[in-house]
Structure formats: C-alpha cells, structure tokens
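This report is meant to be read alongside the sequence and the coordinates. Please have both in view before going on.

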Amino acid sequence: MIAETDLSRSPAIGVVIASVIARQPSSHHAWDLNEELLVSQGVCDMKNAICPCGSARYTTVFSGTYRRMGDDSYDFEVAECCVCGLRRTMPPPSDVVYKSGQAHSSEREVGAAPWSAPILDAIKTRVPGGRLLDVGCNVGDLVALALEAGFDAQGIDLDPRAIAAGRQAGRPVQVGSLDSQSGTFDAVVMNHVLEHVVDLPRLLSSLQRALGETGLAFIYVPNYTGLLPRIMGDSWIGWLPMEHVWQFSPASFRRSVETLSSLRVVELATNGVIEPPSQGVKGVLKRAVAVLSTATGQGDEIAAVLATPLAGSA
Ligand SMILES: [Zn+2]
C-alpha cells in the first residue's frame with residue numbers, strides 16, 4: 001500500500017481533496033467555495049486548461065527544462081489541480097503527434113521490447129487466457145508474445161508507422177482507438193498510454209466498456225513520486241512534457257480512476273523501470289536506485305490492475 005503523502009501538502013488542499021474522495025453528490029458548490037478561498041489566499045491561479053474534475057484552478061509546483069530529446073530542449077511546468085490534486089504538464093501537449101506518426105515516445109522497431117515479458121507474466125497471474133487487447137501496442141511486441149502464450153491477442157495504436165511495421169511482421173495490429181473497438185476482452189493493457197490522453201473520462205469509459213463484466217485492465221504510467229524523479233529533477237525521462245498531459249502519483253492515479261469512472265483499482269504497486277540503463281558510474285547508481293526504489297515501493301512507474309464494479313474483488 002502506498003502512503004498518500006501528497007494529500008498533506010497543504011491543510012486547505014487536504015480538506016478539499018478529502019471532500020472529493022468523499023464524492024458527495026451535492027458537493028460541487030462546496031468545491032467552488034474552497035477554490036475561491038484558495039485563489040484568495042494566492043495559492044491557486046486560473047489556467048487555460050480544465051481538469052477532468054471540472055476545475056481550471058492550479059498551483060504551479062515544478063518547472064524545468066527537459067533535455068532528453070537529443071539536441072532539443074523543452075521548457076515546462078507541472079501544475080497541480082487545486083480541487084482534486086491531479087497534476088498536469090504546462091503547456092498542455094497536443095495529441096496530433098500520434099496520428100501523424102511523429103511521436104517522440106514511439107519506438108517503431110520490431111523486436112522483443114524488454115517490458116513485454118514482465119507485463120505478460122503479470123497478466124497471467126490473474127488472467128489464464130482469452131481475449132487480450134494491447135492499447136497503444138506500437139509494433140505489437142507484447143501482442144506477439146501473448147499469441148505465443150496462447151492468448152487471442154490483438155493490438156491497436158494511433159501511430160500509422162508503428163502499425164505498418166507491426167503488420168509487416170505479420171502481427172494482428174491495426175490503427176485505431178479504444179472507442180472504436182467492438183466486443184469485450186478478458187485483459188486490456190495500456191502500457192504508458194493514460195498519461196498521453198487528454199480526455200481521461202472518455203478513455204476510462206471506453207475501457208470499462210471493453211472489459212465487459214469480468215475483464216481486467218493492466219495499466220502502467222510514470223510515477224513522479226518515485227525515488228529517481230526526486231533525485232534527477234527535470235532530468236527524469238518520465239516527464240516527457242511535450243507528450244505527457246498528466247503526471248500521476250499513486251494517490252492521484254487511484255483517485256482519478258475511481259472518481260472519473262466506476263472502475264476499481266484492485267492492485268497498485270510501483271516498479272523502478274522507466275529510466276534506461278546508463279554507462280559507467282551513472283549506470284551503476286541508476287541500477288542501485290532502481291532496485292532500492294522497487295524494494296521500498298518508490299519506483300518511478302505505477303503498475304495497476306483495474307476491475308469493473310461487477311467483477312469479483314481481488
Ligand atoms: Zn482536478
């Protein structure tokens with residue numbers, strides 16, 4: 001279990017967030033009053049972005065320069081919603097890059113992505129077989145592995161270049177979004193997808209539909225509360241501020257999923273896996289921090305399993 005330490009950042013915000021967690025149906029007016037209070041105290045500003053909770057009031061918690069894109073650098077801020085605590089990247093990223101095949105995060109190399117096997121292992125502990133959908137499958141490495149393991153697996157991605165490479169390799173992948181999928185699945189995977197999608201409520205609603213009554217979702221997103229991001233600051237690879245709309249903590253991830261949809265988070269852990277290996281002393285230190293952070297529940301990736309309200313509990 002992860003301690004929800006970011007709830008206590010400010011007593012006033014803690015009270016507001018507690019009211020969100022309570023989810024009282026008639027609490028919208030109370031939220032507004034609390035927002036006004038926070039604005040009058042100079043804690044929060046209006047920003048030109050609406051949080052999924054309905055608020056446009058944010059407090060800037062972090063600013064930096066991202067230099068993980070070769071020669072380019074990118075100035076960004078992280079702003080926290082004053083009502084629900086969900087953090088987002090400023091300026092808000094556009095999602096045009098995916099459909100045009102220009103996404104920085106897209107690999108497009110057919111092979112065996114190293115994260116596919118651990119993800120499939122995690123799925124197999126809960127779902128022995130059946131229909132599997134990988135949303136944001138890129139070239140379909142996980143799909144290929146799942147097929148070998150006996151799943152009826154398929155993948156979708158918005159990136160036409162990645163899908164073309166996957167299909168060239170004979171994999172059952174296609175350009176598409178979760179909205180356009182028919183039927184239901186025993187397992188749906190979204191490996192580093194949620195943080196890219198602007199319309200989070202719509203995505204979660206599509207996910208719930210795709211899970212039918214008993215399907216499970218296996219979700220992976222970066223965790224800014226991990227040990228590595230706290231050590232590395234704006235150098236942490238997981239910010240990806242030109243593409244990541246949302247920046248999650250374990251607490252804000254759980255709160256967002258469970259307030260924006262009827263889905264339940266039945267398992268939540270962290271892994272120390274996002275940072276790629278480095279050479280020399282830096283590489284040794286990174287590996288040590290990754291092992292330490294995983295062992296102490298402070299990994300830089302959140303790994304969660306989501307279930308529908310109708311499914312049996314974990
Ligand atoms: Zn919010």
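This is a predicted model: local features need pLDDT of at least 70, side-chain atom pairs count only at pLDDT 80 or more; totals for chains, interfaces and linings use all residues.

## The open sheet

Seven strands make up an open sheet, in which the order is E7-E6-E5-E8-E9-E12-E11 and the pairing is mixed. Its edges are formed by strand E7 (173-175) and by E11, each of which pairs on one side only. From one strand to the next, the twist averages 20°.

Within this sheet, strand E5 (residues 131-135) pairs with E8 in the parallel sense, and four bridges join the two. Among the residues involved, Leu132 has Ala187 of E8 as its bridge partner.

## Helix H4 and its buried face

Helix H4 spans residues 116-124, and its residues Ser116, Ile119, Leu120 and Ile123 are buried. When H4 is viewed down its axis, the buried residues fall within an arc of 95°, and they therefore line one face of the helix.

The cover over these buried residues of H4 includes helix H5 (141-148), together with strand E8 (187-191) and strand E9 (216-222). E8 and E9 also follow one another in the strand order of the sheet given above.

## Helices H7 and H9

Helix H7 (residues 200-210) and helix H9 (residues 250-260) have axes that come within 9 Å and cross at roughly 70°. The two helices, H7 and H9, are therefore roughly perpendicular to each other. On the H7 side the contact is made by Leu200, Pro201 and Leu204, while on the H9 side Ser256, Val257 and Leu260 take part. Sorted by class, the residues of this contact between H7 and H9 comprise five nonpolar and one polar, with no charged residues.

## Pro276 in its loop

The loop between strand E11 (264-271) and helix H10 (280-295) contains Pro276. Is this residue, Pro276, buried or exposed? Pro276 has 10 other C-beta atoms within 10 Å, and because a residue counts as exposed at 12 or fewer, Pro276 is exposed.

Arg287 stands eleven residues from Pro276 along the chain, and the C-alpha atoms of the two residues are separated by 9.5 Å.

Key
Residues are numbered from 1 along each chain as its sequence is written. A residue is buried if 20 or more other C-beta atoms lie within 10 Å of its own, exposed if 12 or fewer, and partly exposed in between; C-beta atoms are placed from the backbone. The arc is that of the directions from the helix axis to the C-beta atoms. Two residues are in contact if their C-beta atoms, placed from the backbone, lie within 7 Å. Axes are lines fitted to C-alpha atoms, for helices over the stretch in contact, and angles run from 0 to 180 degrees between N-to-C directions. Angles under 35 degrees count as roughly parallel, over 145 as roughly antiparallel, 65 to 115 as roughly perpendicular and the rest as oblique. Ala, Val, Leu, Ile, Met, Phe, Trp, Tyr, Cys and Pro count as nonpolar, Asp, Glu, Lys and Arg as charged, and the others, Gly among them, as polar. Two strands pair if DSSP finds at least two bridges between them.
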